[in-house]
Amino acid sequence: MTALRQRKGSKGREHPPGAELQSRQANCCTDHHPEKMLHGDWSWGAIVWTSVGWSVSVGLGLLCCIYVATLHENDLWFSNIKEVEREISFRTECGLYYSYYKQMLQAPSIQEGLSDLIHDNLTESKRTINLLQRMNIYQEVFLSVLYRLLPIQSYLEPVYFYIYTVFSLQAVYVIALYLTAWLLSGSWLAGTLTGVWYILNRVDTTRVEFTISLRENWSLPFLALQVTTITCYLRPQLTALQQKVMVWLMYVTTFFFCLTWQFNQFILLVQALIIYTLDCVDFLTTTQVTTLYLVQVSGLLSVWLLQFCNSMILGSLVLSFIVAALFVRHCQSGLKTGSLLARLGKLLLHTAMVLLLTFTINYLAKKALQLKSDEHIFKFIKSKFALGPTRDFDASLYLCEEAFGLLPFDTLERLAGTLLLYPYVLTLLLLGGMMAVSALHNLRPKGVSAEERKGAGEGHEAALRPDVAYNLLHTLFYGLLAFSTMRMKYIWTGHMCAVAAYGVCGTELWTPLLTTLRCNSKVMLRLVRYAVPLAMIGCLYYKFWPKLMEELSELREFYDPDTVELMTWISTKTPKRAVFAGSMQLLAGVKLCTGRVVTNHPHYEDKDLRERTRQVYQVYARQSAEDVHDILRAAGADYVVLENSICYERRHRRGCRLRDLLDLANGHIMDGPGDNDPDLTPASHPRFCEAIKTDTADYAALFTRTFENKTFHLRREREVERGASSSIDRRIQNNLHAKETPSLYKNN
């Protein structure tokens, strides 16, 4: 990720306005820059300082890795609990993803393991699906193959190989953020401050220690590496060779990011909007814009091929947007000419045309592909911003979860407590002002097209380097995303550390301040840039080191006897091909711990699965025993697991409990005191999960009590002979079997 500056007189790419001044700004902050030795400075000072910088980055990465691994061990006593308890600790969808790693290791051979994943009939009963197409689980496949091939089986258990790999990616994440701050500021002290802030703000920067298998924990380190390579690519005066190296690195990191997370298209859409904005205000050249777009497209299409032509990728908004942006840009040749007002008018028209064409292309693509896999996400967005109905079951599941709500205010309080928020806000304000001035300067007419200007002699005092401009918009756009949806804060807060550290250690913040104080000299600037971050690191050490040691000394132990008892009973008392119905979260654990077939699971990116989940969840609604029995028969279930924590839920407010969401979707009045919409009616049946415990004749005739404890109630369905299926049975059969898919399952 290092780069050589272009030699004087050699051919290079075209430069955006202000390129000469940007080059001087880059030169003035290369005291300890990672590029320094590649510019020909092989002095002992450069070698020592650069080596120290790289060593510190690796040290901070390893420190973060050891820190989260220790927290995970101390919280669960992972090394001392039974295997079933370890597997139960992989909660919700984490357990589902880990089960495929376990499945691959238990397969007689790698080839048979891959075949079982491609023709899977355990994850969704009565269906055969291609897991490599439906889910982003290539990382589990790769790790299982690697574990088989490496000579480590005798001294490293498979589960430790898995979790240590994920924790090691946190080291990669920290190193990537470190390098971004170093590239921006020219000082590895900025990288050090970034790493320290990332670790101290662990609650808001990562949740890897208790959600190990989540896709974001695999993908965000690669996104951070991609941002680092983009930052290096946008630095002034790279040679042709360095440009090619950076482009390939951008492609590789984008590819791995897309391969490891199903929500890659939405993250890349935000990034594409950043590139589009920079293009509109002339911070990037045509070559840079086209290259960045094509890197995104290449990464997505490569994943599309690996995922057996997953239609969700082809129907993504980001691909539609990139095609529209490039097409309209090509058609509007005079976009960047004319007076300031004329250019602003053209930009507004250009943006309207791009958006219109984007939605047109996306609509036609989804119609052609018959794509409905991601419609629940758009329902959620519409409902979140009050643009659509709020009774939709799928959208309500997201809306009622705290993680998908607005960013809570206490997050900012925690970030301020580690001295991160204040320099971050100051940096944003200063860079935002500089960018506004630079954008207006770029948009002013110069007699020729902005793309034709080479920048020589046209620099101005407020010029902002392209790499700085990109990182500014990156933190702004993803910050807005984080404020709108709390779960997305983990994309923002890590990069936030790098931007704040750049503000503290860069020249942009200190130069105007020292100029105002009339003491702006090279010596004073260098003194401040080194003294302030060192003082901040010392202050943070004094304040938080004792707290970290106290946190690491807290020892807890995994304790969930009811779930352990349930999994043990299922493993020992039920047939291996038995099919289980229940909540998505629990069934992920059932599949992992017992290997039994399940009716539904937490990977929600499939329309038919969402419909089946809504039907299976009728066990918590007000339905008759016969109707529930018909639903479970249609899904192929032999057993149904009922959870008291759902049936009598108190965690969510009224209107957000699962039973309330089902009542609203079914048009029934909700439980408990409170208002109900006038169109809701009383249900004609009691709540199934409560009534079945009475074992009255109509329930006992259809379900047999097989297992129960304080948390779970397990019922086995009885085989009932009836002359004709009920109307609900026929409807469920139509919904769940009309689209039985072949082995290469395609999202519909």
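Q: Let me start with a pocket: by class, how many nonpolar, polar and charged residues are in the lining of the second largest pocket?
A: The lining has 22 nonpolar, 4 polar and 9 charged residues. In this grouping, Ala, Val, Leu, Ile, Met, Phe, Trp, Tyr, Cys and Pro are nonpolar, Asp, Glu, Lys and Arg are charged, and the others, Gly among them, are polar. A word on the ground rules: this is a predicted model, in which local features need pLDDT of at least 70 and side-chain atom pairs count only at pLDDT 80 or more, while totals for chains, interfaces and linings use all residues. Residues are numbered from 1 along each chain as its sequence is written, and side-chain values use heavy atoms, with hydrogens and water left out.

Q: How is a pocket found, and what volume does the second largest pocket have?
A: The general idea is that rolling a probe the size of a water molecule over the atoms shows where empty space is left. On a 1 Å grid over the protein atoms alone, a pocket is an open set of points with protein on both sides within 12 Å along at least five of seven lines, whereas a cavity is a set where a 1.4 Å probe fits but cannot get out; lining residues have an atom within 4 Å of a point. Points are joined across faces, edges and corners, and the volume is the space filled by probe spheres set on them. Here, the second largest pocket has a volume of about 1,100 Å³. Of its 35 lining residues, Phe266, Leu317, Ile377, Phe378 and Ile381 are the closest to its centre.

Q: Which elements give two or more residues to the lining of the second largest pocket?
A: They are helices H13 (264–280), H17 (340–369), H18 (375–384) and H22 (466–484). H18 provides the largest share of the lining, 8 residues. The labels follow DSSP runs numbered from the N terminus: helices are H or I with at least four residues, and strands are E with at least two.

Q: How many salt bridges does the count come to?
A: The count comes to 34 salt bridges, each being a side-chain nitrogen of Lys or Arg within 4 Å of a carboxyl oxygen of Asp or Glu. One of them pairs Arg91 with Asp560, with their closest N and O atoms 3.2 Å apart. Arg91 sits in the loop between helices H3 (83–88) and H4 (92–106), and Asp560 in the loop between helices H25 (522–553) and H26 (561–573), so this pair ties together parts that are 469 residues apart in sequence.

Q: Is Asp560 buried or exposed?
A: Asp560 is buried, because its relative accessible area is 16%; buried means under 20%, exposed over 50%, and partly exposed in between (1.4 Å probe, protein chains only).

Q: Which residue forms a salt bridge with Arg134?
A: The partner of Arg134 is Asp606, with 3.9 Å between the closest N and O atoms. Arg134 belongs to helix H6 (residues 131–134) and Asp606 to the loop between strand E2 (597–598) and helix H28 (607–616), so the bridge links parts 472 residues apart in sequence. Both Arg134 and Asp606 are buried.

Q: How many residues apart are Arg414 and Asp410 in helix H20?
A: Arg414 and Asp410 are 4 residues apart in H20 (residues 409–417), which means a separation of about one helical turn. Their side chains meet in a salt bridge at 3.5 Å, N to O. Arg414 is partly exposed, with a relative accessible area of 32%, and Asp410 is partly exposed at 36%. Elsewhere, salt bridges with shared partners join Arg622, Arg659, Asp663, Asp671 and Arg687 into one network.

Q: What is the phi of Gln370?
A: As background, most residues other than glycine have a negative phi. Gln370 is not a glycine, yet its phi is positive, near 55°. Gln370 lies in the loop between H17 and H18 and counts as exposed, at 57% relative accessibility. Leu419, also not a glycine, has a positive phi of about 65°. Leu419 is in the loop between H20 and helix H21 (421–443), and counts as partly exposed at 27%.

Q: Where is Thr427, and what separates its C-alpha atom from that of Glu508?
A: Thr427 is in helix H21 and is buried, at 3% relative accessibility.
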